[in-house]
Amino acid sequence: MGSIIRTAANNVGASGVFSSSAFNNASLNSVTSLPTAVDGKMKLISSQTASGDASLSFTSGIDSTYKTYCFKFINLHTSSDADGFDMNGSTDGGSNYNVTKTTTIFQAEHREDDSGTDFSYQTGLDIAQGTGYQRIAQSVGAENDENVVGELWLFNPSSTTYVKHFMARVVLNTEHDRAREMYTAGYFNTTSAINAIDFKMTNGNIDDGTIALYGIA
Amino acid sequence: MGTRITSLANNFDTTGKLKAAGINNASLSGITALPAGVAGKMTLLSTQTASASASLSFTSGIDSTYDEYWFVFNNVHPATDNVSFDFNGSTDSGSTYSVTKTTTLFRSGHDEADTFTQLGYNSNEDLAQSTSYQHIVYGLGNDNDQCVSGVFKLYNPSSTTYVKHFTSTASNYFASNGNNQMNVAGYFNTTSAIDAIDFKMSSGNIDDGTIRMYGVSTS
């Protein structure tokens, strides 16, 4: 024991404070949270990786802990060409995804062969007080290298006073080889808390990709 | 003390390094900064919550510490119906909010009754070398459940070489019942540092809502 104490003493300064040589990564294995002053403010709550899934549902972790939540979409790949990528909310922990919402959606697009561009509102994809799934990406291609990336921000989902706003921005490859950027925004028109969010393809499965849920403290 | 020394020794390995058992959350309570390699890159700098406030001003913490500053606004609710939610910058720590700006604003809109949709540039709502407040959203309603939420980003405000760019994206529940998605961008046309930002309604108070300012580091 004497030898260990002597070695350890060499890692303590004259004032009794540990020097950096007293620590390594293994020293921190028992630490599960950091002091507020140094804690990162974008916390990974959960992450789901698709493998031929009909949907990816986030049924926990959406509560009053954070004022703002961010879902990140990484390389979502559909099994069905010319697909859509959709989302809906739940007020009952994911038993039902059918919250009333009013939304807007528009896109910017450029063809790979430079034969055309588009910047337009998508009247067929918005929702006026409907309970259906909201399209986030339209005409998603299913070739091996085609996918969807982007973010969905959800604001204060636990509020029981206000509607719950959301905003999404994604970029995708369409089935006809176009770069398309889509902006969606709107609100869940309810004063009940939103406590689950579901993502799915309109037709096929989510064959690959990751959706990560972050809380912003 | 002998017992403590024995217990302490059991928490060191033979090289004098602390084992995991020797440190826990409480051990770290005195730490106020982390090494760059492990520190989070998004830091909450301040939070302001409105309560019948004429404005919410951020007059400290905007400096050269971070490359970007994000203002995340949640459930901002006006006292007056059909108003705009506006911002301006300051080069004198908030004594005056009157920095020259040139901006763009476009929106997409859709009402709950499904009677109209809109996507377009709003030429009456932008600024051309003006010192006035810039709208983040306009037409905001004040029904009990109506509000605006979004993110305003300010880039490198301490630069004394470049103009200071900003972007804003917000989702707005407008007064006549529908959604506006509003996108604003532009620049403070000054090479003086921007060191304060003010948010207010075009008329009436901000009755409720929070704005949180984050510093985002790129290194």
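Let's start with the lining of the second largest pocket: its residues split into twelve nonpolar, eight polar and four charged. In that count, Ala, Val, Leu, Ile, Met, Phe, Trp, Tyr, Cys and Pro are nonpolar, Asp, Glu, Lys and Arg are charged, and the others, Gly among them, are polar. A word on the source: this is a predicted model, where local features need pLDDT of at least 70 and side-chain atom pairs count only at pLDDT 80 or more, while totals for chains, interfaces and linings use all residues. Residues are numbered from 1 along each chain as its sequence is written, chains are lettered from A and ligands numbered from 1 in the order written, and side-chain values use heavy atoms, without hydrogens and water.

Back to that pocket. A pocket here is an open set of points on a 1 Å grid over the protein atoms alone, where a 1.4 Å probe fits, with protein on both sides within 12 Å along at least five of seven lines; lining residues have an atom within 4 Å of a point. This one holds about 510 Å³, the volume being the space filled by probe spheres set on the points, which are joined across faces, edges and corners. Nearest its centre, among 24 lining residues, are Glu151(A), Arg169(A), Tyr183(A), Lys153(B) and Thr169(B). Strand 11 of chain B supplies the largest share of the lining, four residues; strands are DSSP E runs of at least two residues, helices H or I runs of at least four, both numbered from the N terminus.

Who partners Glu151(A) in a salt bridge? That would be Lys72(A), with the closest N and O atoms 2.4 Å apart. Lys72(A) sits in strand 3 of chain A and Glu151(A) in strand 9 of chain A, so the pair ties together parts 79 residues apart in sequence. The whole structure has five salt bridges over all chains, counting a side-chain nitrogen of Lys or Arg within 4 Å of a carboxyl oxygen of Asp or Glu.

Now, the interface. How many salt bridges cross between chain A and chain B? Zero, by that rule. The contact (heavy atoms within 4.5 Å) takes 59 residues from chain A and 64 from chain B. Together they bury about 4,800 Å², 67% of it on carbon and sulfur atoms; that is accessible area (1.4 Å probe) lost on putting the two parts together, summed over both.

Last, the largest pocket, at about 590 Å³. Of its 25 lining residues, Leu28(A), Leu28(B), Ile31(B), Leu34(B) and Pro35(B) are closest to the centre.
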